[in-house]
Structure formats: C-alpha cells, structure tokens
Amino acid sequence: MIDRRLLTHFDWPLLIFVLIISFIGVFNLYSATFGEVESHLYAKQILWIGIGLASTLLITVFDYRFYRDFAYLFYGISLISLVAVFIYSAMHPEVSRWIKIGPLFFQPAELAKIAIILALAKYFDHFPKKDGYGLRELIFPFIILSVPSLMVAKQPDLGTAISLLLIGFSIILFVKIKWKSLVIMIIGGISILPFIWNFLMPYQKKRILTFFRPELDPLGAGYHIIQSKIAIGSGGGLGKGFLKGTQCKLHFIPAQHTDFVFSVWAEEWGLAGGLILLALYLLLIAWGANISIRSKDRFGAIVAFGVVSMIFWHVIINIGMALGMMPVVGMPLPFMSYGGSAILSMMVGVGLLLNISMRRYIF
Amino acid sequence: MRLGSQGIEDLQRRYKLFLIAGLIGFLALGLRMWHLQIIKGEELSRLSKHNRIRIREIPASRGMILDRKGRILIDNRPSFEVLLVPEDIVDMEKTTGFLHRILRVTPEEVGKRLEANNHRPPFKPIRIQSDISRLHLALLKTHQLDLPGLIVDVRPRRAYNYGSMASHLVGYLGEIDGRELKRDRFKGYQMGDIIGKYGVEQQWEPFLKGMDGGRQVEVDAYGREIKVLQRVESHPGNNLLLTIDLDLQMTAEALLEGKEGAIVAMNPQNGQILAMVSHPSYDPSLFAGGINHDDWETLIQNPFHPLQNRGIQGQYAPGSVFKMITAIAGLEEGVISPQEILFCGGSYQLGNRTYRCWRKGGHGKVDLHRAIVESCDVFFYQVGQRLGIDTLAKYAKGFGLGKPTGISLNDEKPGLIPSSEWKKKVYDEAWYQGETLSCAIGQGYILVTPLQLLNAISAIATEGILYRPQLVERIERANGKVLKSYEPISIGKIPISPENLMFIREALLGVVNEDRGTGRVARIKDVTVSGKTGTAQVISLREDVAEEDIPYEYRDHAWFVAYAPMENPIISVAVLVEHGGHGASASAPIARKVMQKYLDILKEEGKFPPLVARGREMDSLNSRDFTR
C-alpha cells in the first residue's frame with residue numbers, strides 16, 4: 001500500500017501547522033483552566049490530540065479513492081449514530097448530544113461533518129457538470145445535507161447544524177451551481193422563512209432573536225459577549241501574559257475552555273498573539289486550498305475543499321463570536337477548543353488533506 | 001478509473017474567488033481585534049479590573065394565591081435585605097464586626113452563609129438577613145461607603161394574609177438546595193434562589209415563579225454601582241385561584257382549634273376541595289426567607305407533627321365508616337339482601353373468640369338498613385364473614401381506598417387495604433377469619449386517609465364517579481388573562497348498581513335523621529344531611545374502662561364523613577379528630593357546622609336552596625357556582 005514515493009511526497013508543512021496550533025491550544029487550555037476543578041483538562045487534550053494524530057496517520061495509509069467507495073456507507077453510519085443520540089438522550093435526560101461508548105463520550109454530530117463532505121464529494125464526482133448544476137441535480141445533495149442538519153438542530157445543537165449547512169453550501173458553490181438555480185434557491189429559502197417563523201412557539205422565536213441579536217438578552221448571551229470583549233480588549237497590544245488573564249478565570253466567560261478559548265488567548269497575548277494565531281490559521285487554510293486545486297482528481301479536490309471550508313467556517317465564526325461580531329453559537333475553534341470529538345473530526349479532516357496531497361503525483 | 005485531473009479545471013478557475021473571500025473574512029477579524037485591543041483597549045481594560053460589569057438580579061415577584069372567589073390569601077410585600085459580595089469585601093473582620101453590632105448576626109453565621117453559597121456564580125450577592133428594620137436600614141446605608149461588598153436591597157417576600165391558615169395546603173418556601181439544583185425541573189435556577197418546597201407552592205412552582213429580571217451595571221473599584229448599562233424587568237409569576245372558599249376554610253380552622261385532626265370538604269359533583277385543614281399547623285412565614293435552624297428543629301421535634309398534612313398523610317383505621325363499603329360489597333355480591341334479618345345479642349362467637357358489638361346489650365333483630373343506621377358491629381361481622389377478606393378488599397379498592405387519590409400535593413399516603421395475598425407477602429402468614437371480622441367494621445389492618453374516605457362518600461353522594469381531588473381551579477397571568485383552567489378528572493366509578501346506591505343513600509340519611517341513628521348530632525333543619533360515624537381504635541381496651549380514664553394518647557380517633565343535601569349534594573366533608581373518642585360526639589358536630597356554614601355562604605349568594613332536583617338543570621346551576 002505505502003510505497004516509498006508516497007513518503008517522499010508526505011506533506012510535512014501541513015502537519016507542522018496543525019501541530020503548532022494544537023500546541024498553542026494545549027498551552028492556552030492550561031492557562032484557561034489553571035487553578036480550576038478542571039485543571040487537568042490540558043492533559044486530556046494532549047491525549048485527544050495523540051488519538052487524533054494516530055487516526056490522521058491511519059487515514060493516510062489507504063488511497064483516498066478507497067474512501068469514495070464507502071462514502072455513502074459512512075454517511076449511513078453517521079445517520080444511525082445520530083438516531084442513537086436521540087434514543088440515548090431519551091434514556092438519559094441529562095445529556096442531549098452525546099452517546100457513551102465504553103468510558104468515552106462521543107458526539108456523532110462531529111462525525112457528520114466528515115460524512116457530509118465525503119458523501120457530497122462522491123455525488124459531485126460521479127456526476128460532473130462543467131456548466132454548473134441545476135436544481136434538479138441538486139435535490140439529492142440537499143437531502144444528503146438537510147437530514148443530518150435537521151437531526152443535529154433538533155438535539156438541539158444549533159452551532160453544529162449551522163456548520164454542517166455552511167460546509168455543504170460551500171461545496172455546492174465550489175462545484176458550481178447555475179446562476180438561475182442559485183437565485184431561485186435564495187428566493188425560495190427567503191420566502192418560506194415567514195411560514196416557518198409562524199410555526200414557532202413564542203419562546204423559540206425569542207431564542208432565535210437573541211441568537212442573532214445577543215443584546216436582546218443582556219443577562220445571558222449579551223452579557224457573555226460583553227465579558228468576552230472586555231477580556232480581549234483588556235489584553236491590549238501585547239497581552240497580560242501567560243496565566244495573568246483575570247477576566248476569563250472568574251467564570252465570567254462561560255465555557256472558557258471550549259467556545260471562548262480565543263478570549264483567553266487574546267487576553268493573555270494581546271493583539272500580537274491574536275494576529276499570530278490568525279496568521280497560522282490562514283496559512284493552514286491557504287495550504288489546504290492549494291492541495292484542493294492541485295489534486296489529481298475531482299473527488300480529491302472536492303473533499304479537500306470541504307475540509308478547508310470546515311476549518312475556515314469554524315475559525316471565522318468562533319473568533320467572530322468572541323469578538324462580538326457574530327451570534328453566540330457553540331462552535332469549537334479548530335485544534336484549540338477542548339473536546340475529543342471536535343479534535344477527532346478536525347484531525348480526520350487533516351488526514352484526508354494529507355492523503356490527497358501525497359497522492360497527487362501518483363497515478 | 002477515471003483519468004487524472006479530469007473534471008477539475010472548472011474548479012480551479014474559481015479558486016481565486018474563494019481565496020479572496022476567505023482573506024476578507026480574516027481581514028475583518030484582524031481589524032476587529034485591532035479595534036477592541038488598541039482603540040478601545042484602555043477603556044475595556046479599566047472595565048476588566050475588578051470585573052466592573054456585573055449583573056444584579058431583580059427577583060420576580062411570585063404569583064399570588066387566591067381563594068375561589070379571588071380573595072388574596074398570599075401575596076408579596078417588600079423586604080429590605082442585607083447582602084454581601086465577598087469578592088468586593090476589603091476588610092472581612094470589619095464588615096462582619098459591623099454586621100454583628102448592628103444586626104446581631106455573628107461572624108460564624110455569616111461564615112456559614114458564605115460557605116453554603118460557595119458554588120454560586122462569582123459576584124452574585126449572598127443574602128445575610130431579610131426584613132431588617134427601617135432603623136437598621138438607615139444605619140447600614142450611612143456606613144455603606146466604608147464597607148465595600150455590603151449591599152442593601154429591597155426584594156419581594158411572601159406575605160401570608162391569614163397567618164397559618166391552610167398552611168399545609170399552600171405549603172412553604174425555602175432556599176434551593178444542591179440536590180434540587182441538579183434536577184431538570186430547576187434548570188435555570190441558581191444557588192440562593194427561593195423555591196416552593198411543599199404544598200401548592202411546590203407543585204405549581206413553574207407557574208408561580210415568574211421570570212427574574214436584572215440590571216447590567218458598571219461598578220467602581222469598591223463594587224458600588226456607577227451606572228446601569230442595561231435593564232431587563234422581571235415578570236411576576238402567574239396567580240393561582242384555589243378551589244378553597246376562604247370563609248369556609250376559616251370556619252373549619254376555628255372548629256379544630258386546640259385539637260389534633262383534619263377536616264376536608266369537597267364539592268362531590270366535581271372533586272373540588274372547598275376546605276382543607278390539618279391541626280396543629282405551622283406558620284409558613286417562618287420559611288419565607290429560608291427557615292433558620294432553631295425554628296426548623298422546633299417544628300420537626302414537636303410530638304404532634306405540625307408539618308404533617310393529616311388530610312392526606314394521616315393514616316387511620318376507618319372504623320364504622322367502613323361499614324358502608326362492607327354493606328355495598330354484601331349487596332353487590334348477593335350475600336345479604338335488604339330484607340334479611342340477623343340477630344345481634346351484643347357479641348358474636350367465632351371459634352373460641354368472642355367479638356363484641358359496641359352496644360353491650362346488643363341490637364336485637366336488625367336488617368341491613370338498621371345495621372348501618374345504628375352501626376351494629378355483630379351484623380357486619382357476619383356480612384364480612386360471608387364475603388371473605390379478598391372480596392371485601394376488591395370493593396374497598398373499587399372505592400379508591402388503599403392507593404393515593406392523586407391530589408397534587410407531595411407525599412400523599414396510600415393507606416392500606418389488606419388481603420390474604422398481602423398478609424402472605426408481608427408477614428408470611430395465612431389470613432385468619434377473625435381478622436376478616438375486624439376489617440368488616442373498619443378495624444384491624446385497614447388504614448385510610450381522611451381524603452380517601454371523603455372521596456369514597458362523595459362518589460356515593462353523586463352518580464358513583466370518583467374524582468381526582470382538585471385544588472387549583474385555574475391559573476391566571478398577572479394581567480388577569482386565564483392561562484389554564486383545570487377540569488374535573490374522573491378516576492373511576494365505584495362498583496355499585498343504581499338500586500344499591502339508592503339503598504345505601506337512604507341508610508346514610510337514616511344515620512343522621514332517624515331517631516336511633518348514630519349521627520343525629522349532625523342534623524340540620526330542612527336539609528337532608530347524610531353521613532356515617534366512625535371510631536378508630538388506637539389500641540384494644542377492655543370494655544369497662546370509662547373514656548375519661550384512658551390516657552389521652554390511647555383514646556380512639558373520631559370520624560364523621562357526610563354530605564348534604566341528599567337530593568343534590570353540594571358539599572361533602574370528612575372530619576377526623578385524633579383521640580376525640582366517639583365519632584358521634586367529637587366529629588359530627590364539627591361536620592355539621594362546616595356544612596351549615598357552606599349552606600349559609602351559598603344562601604347569601606342566592607344559590608341555595610337549589611330550585612330543581614338532580615338533573616340537567618342542576619348541572620348548569622353547578623357550573624355557575626364554580627365560575628364565580
């Protein structure tokens with residue numbers, strides 16, 4: 001399977017970018033939870049990164065075209081595991097997004113991100129269209145996309161549902177949709193919104209309104225945004241220094257080790273640290289995009305683009321949220337936020353990128 | 001396999017477009033960081049010191065509790081409270097010393113309060129004392145500047161307009177504890193919140209609570225408010241309209257004054273509770289701001305158990321009241337007919353044991369009607385013996401005994417209806433026939449709550465339908481709009497034919513209105529009161545002991561269960577007086593006064609006497625009755 005030519009083409013820079021960001025993540029997590037009950041989380045994160053890297057390397061062993069053959073099967077498995085979440089949460093009312101396998105908690109919604117990328121790539125690879133796809137050809141991709149998205153939204157995990165949709169629509173734009181179809185889709189989408197809105201209960205409407213305008217909930221989401229902005233802003237140009245952040249330590253910021261890790265980082269390392277992290281993500285994304293267009297086939301190009309868009313949207317939305325530019329949604333910052341399932345899905349994505357990258361010269 | 005890079009040229013063409021879009025996104029993030037950290041950096045870093053932006057909550061005022069006519073039983077009043085924010089306290093010793101001097105709160109007590117709240121969100125004020133006087137308020141206010149971390153705030157607190165009236169029913173409040181916080185029901189609650197802990201306050205907590213508001217405030221380095229940034233008003237909770245009638249409840253409370261026992265009154269046509277009294281009672285205002293340790297100890301160590309709601313938690317032998325069920329079982333099973341005559345010579349022999357009748361000389365020749373009216377034990381020993389315990393148990397259960405009625409109050413007790421199977425399971429012993437005799441007259445293992453007996457007789461009084469006792473008629477929003485109305489819920493039909501139902505009603509009428517009836521005391525002029533007396537033995541005694549000679553705690557419990565008027569029952573009532581002696585003397589007069597009072601209330605409203613007998617027209621009269 002592995003021949004020597006593959007090793008010479010191994011994409012070391014990509015792996016190194018990922019490792020640097022992960023290292024920063026562990027370092028930052030140590031500070032975020034320093035002196036807290038969860039102060040051991042950084043060690044668990046190292047373990048997760050280790051497991052993630054192992055799966056990354058495992059994925060590079062087989063030719064990625066092999067995954068194309070199993071794309072729909074994999075998609076089916078991820079749907080079944082989403083159903084399992086509902087059954088599991090019906091039995092365990094205290095959890096709503098997880099299933100427990102042995103000692104590990106596992107979040108199938110994360111798996112669905114990869115499953116959607118592979119399934120859409122297989123479909124668009126199988127039916128190539130140079131002049132763009134019309135609505136009829138997009139029915140099947142819409143189904144692929146909307147079934148897991150709705151299930152995840154129902155959990156309720158709005159953040160992940162939105163990221164699934166963003167990844168899917170990015171891929172559809174990438175493979176080209178006909179202008180006419182795009183316009184119809186947008187108009188159609190907008191016109192059914194009022195009907196859906198009327199269907200909602202008042203409290204659901206309120207939740208959605210505060211989702212888009214957190215200042216409507218100054219005691220909840222709006223307050224978290226303010227605290228996150230204060231944390232980041234008080235970091236100034238060079239930051240308060242490692243372990244010196246105060247704002248994030250006092251639980252003013254909820255989930256300072258998951259959704260709001262960037263606030264911790266920017267408070268302690270200032271604008272300089274923030275920009276360095278941003279630059280690292282940008283490098284990673286540009287590198288991944290380069291893999292996509294240099295891929296030797298359509299399937300590889302679409303998969304690589306899907307993984308890149310997954311990283312891109314998570315970075316933009318997570319940091320945008322911490323900066324108070326975006327609605328508050330639970331979306332992890334890739335390789336930085338604590339969380340096994342999120343690390344795993346990102347690392348699997350990186351494995352696919354490496355796989356596509358190292359096989360582009362081999363026919 | 002497809003050839004090489006086929007089908008990706010078109011993808012490559014749009015590559016730049018995506019890259020530019022991505023770059024714009026990153027640029028926006030970078031600019032925003034620069035804006036926050038450089039341009040607004042100084043301002044935000046000032047706010048970050050001492051966490052200058054805080055949330056001060058505005059607690060919602062809890063929904064009111066009203067009687068069926070909208071009279072306020074419980075509402076809220078303002079209370080001045082002293083709170084501490086430990087994070088802001090500069091000199092702990094000085095602060096606690098000051099509190100000790102002014103409010104007489106020892107530093108240890110303050111320490112305990114802080115300890116109890118150590119899992120609260122940071123900077124959330126901790127309540128130290130409620131209801132401080134105006135003088136103390138003035139003192140605290142003048143010293144507040146020297147004592148950072150000390151807050152005086154006004155918050156709503158429960159006001160009990162009628163003291164301990166209906167305290168078991170409405171329940172009490174308390175601070176949420178760690179165990180409750182973990183439950184799904186209390187999602188969104190925080191340490192230090194006050195919740196309903198008992199009674200209606202607990203059961204309807206989600207409706208009563210309301211929505212807390214809050215102020216987002218900027219404070220100075222000492223935790224003092226500088227300005228309010230945002231404000232969210234609190235929303236008061238919903239009001240509960242109980243099915244209780246205030247006047248009737250007050251009358252019932254007065255009738256039990258100085259006694260231990262319970263009175264429960266109900267509208268038998270729909271199961272609405274009209275009054276529910278349990279004595280001794282407690283003062284719910286002790287709990288309003290979280291009860292203190294000493295008060296709690298006093299309450300739970302009181303030998304008369306003031307916290308127990310005897311109406312639903314007191315389990316007693318039903319005594320002769322149970323004979324109405326033995327009679328119905330006998331009629332339905334055909335082991336006795338209304339015509340059959342049995343002889344009572346004052347005792348009944350079974351094997352080598354003698355079972356006595358309460359009347360030493362015996363009743364002579366009696367039929368079923370007279371046996372109920374005069375409560376002849378010997379007659380029912382024989383009916384019970386013919387039925388056997390398991391048939392008797394089946395009928396008792398058919399009347400809702402032996403299981404909770406399902407009233408929406410916590411810890412309702414099920415009572416106990418024994419059967420041979422039950423005895424095998426619990427004692428691993430066979431059932432003795434002699435035990436059947438005891439059970440047939442409501443002694444022995446049988447246990448019931450006053451509410452269960454009330455429910456059973458209410459079903460007899462009407463069409464045989466058992467209702468789930470109902471306490472809350474409807475829930476109204478603060479603006480008066482009805483949020484939810486509760487309809488009567490039928491939980492079953494008692495096992496009885498129409499003829500037998502008529503027969504038993506006649507007998508219960510006789511208990512009160514015939515000259516030799518045991519319930520004569522409950523007679524009301526021109527009203528067909530019907531009922532049954534009962535005496536629950538606490539322990540078996542020799543028959544020749546005079547009642548005055550029996551120690552109080554061994555004296556029998558007195559029962560009277562009744563309804564009125566027979567043609568169209570509008571009220572049913574169960575009275576139990578613990579250690580009251582005979583039902584006829586201790587409980588029947590109380591039941592009479594309760595029914596009389598309710599008839600007077602209805603008369604005043606022009607709703608009594610009813611114009612038509614039972615029938616369709618009656619329904620409309622009744623429904624008018626409940627909608628005020």
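What pLDDT does chain B average, and what share of the residues score at least 70? Chain B averages a pLDDT of 86, and 93% of the residues score at least 70. Here pLDDT is the predictor's confidence in each residue, from 0 to 100.

## Model and confidence

This is a predicted model; local features need pLDDT of at least 70, side-chain atom pairs count only at pLDDT 80 or more, and totals for chains, interfaces and linings use all residues. Residues are numbered from 1 along each chain as its sequence is written, while chains are lettered from A and ligands numbered from 1 in the order in which they are written. The model scores ipTM 0.90 and pTM 0.70.

Chain A averages a pLDDT of 85, with 90% of the residues at 70 or above. Within chain A, confidence is lowest in strand β1 (residues 99-101), at a mean of 69. It is highest in helix α13 (residues 298-322) of chain A, at 94. Helices (H or I, at least four residues) and strands (E, at least two) are DSSP runs, numbered from the N terminus.

Two residues are in contact if their C-beta atoms, placed from the backbone, lie within 7 Å.

## The interface between chains A and B

In the model, 39 residues of chain B are in contact with 48 residues of chain A. On the chain B side, α1 (9-13), α2 (15-39), α3 (41-48), β1 (53-58), β8 (213-219) and β9 (225-232) each supply at least two residues. The largest share, 14 residues, comes from α2(B).

By class, the chain B side divides into 18 nonpolar, 16 polar and 5 charged residues. Ala, Val, Leu, Ile, Met, Phe, Trp, Tyr, Cys and Pro count as nonpolar, Asp, Glu, Lys and Arg as charged, and the others, Gly among them, as polar.

## The open sheet of chain B

In chain B, 5 strands form an open sheet in the order β12-β11-β23-β22-β21, with antiparallel pairing. Strands pair if DSSP finds at least two bridges between them. At the edges stand β12 (272-279) and β21 (530-536) of chain B; each has a single partner strand, so one side of each is left without a neighbour in the sheet. The twist averages 5° from one strand to the next.

Strand β11 (residues 261-267) of chain B is joined to strand β23 (residues 571-577) of chain B by 6 bridges, and the two run antiparallel. M266(B) stands opposite S572(B) in β23(B). Helix α11(B) packs on the sheet, touching β11 and β12 of chain B, and its direction makes about 25° with that of β12(B).

## Helix pairs

In chain B, the axes of helix α11 (residues 246-255) and helix α23 (residues 588-604) come within 10 Å and cross at roughly 160°. Axes are lines fitted to C-alpha atoms, for helices over the stretch in contact, and angles run from 0 to 180 degrees between N-to-C directions. α11(B) and α23(B) are therefore roughly antiparallel to each other. Angles under 35 degrees count as roughly parallel, over 145 as roughly antiparallel, 65 to 115 as roughly perpendicular and the rest as oblique. The crossing of α11(B) and α23(B) is right-handed, meaning that the near helix is turned clockwise from the far one by less than a right angle. D247(B), L248(B), T251(B), A252(B) and L255(B) of α11(B) make the contact with I590(B), K593(B), V594(B), K597(B), Y598(B) and I601(B) of α23(B). This contact has 7 nonpolar, 1 polar and 3 charged residues.

In chain A, the axes of helix α8 (residues 158-175) and α13(A) come within 9 Å and cross at roughly 135°. That makes α8(A) oblique to α13(A). Their crossing is right-handed. Residues of α8(A) in the contact include L166(A), I167(A) and F174(A), and those of α13(A) include F305(A), M310(A) and W313(A). The contact of α8(A) with α13(A) has 9 nonpolar, 5 polar and no charged residues.

## Backbone details in chain B

The peptide bond from H279(B) to P280(B) is cis, with omega near -5°. P280(B) lies in the loop between β12 and α12 (293-301) of chain B. The bond from A564(B) to P565(B) is also cis, with omega near -15°. P565(B) sits in the loop between β22 (557-564) and β23 of chain B.

D131(B) is not a glycine, yet has a positive phi of about 55°. D131(B) lies in the loop between β4 (126-129) and α6 (134-143) of chain B.
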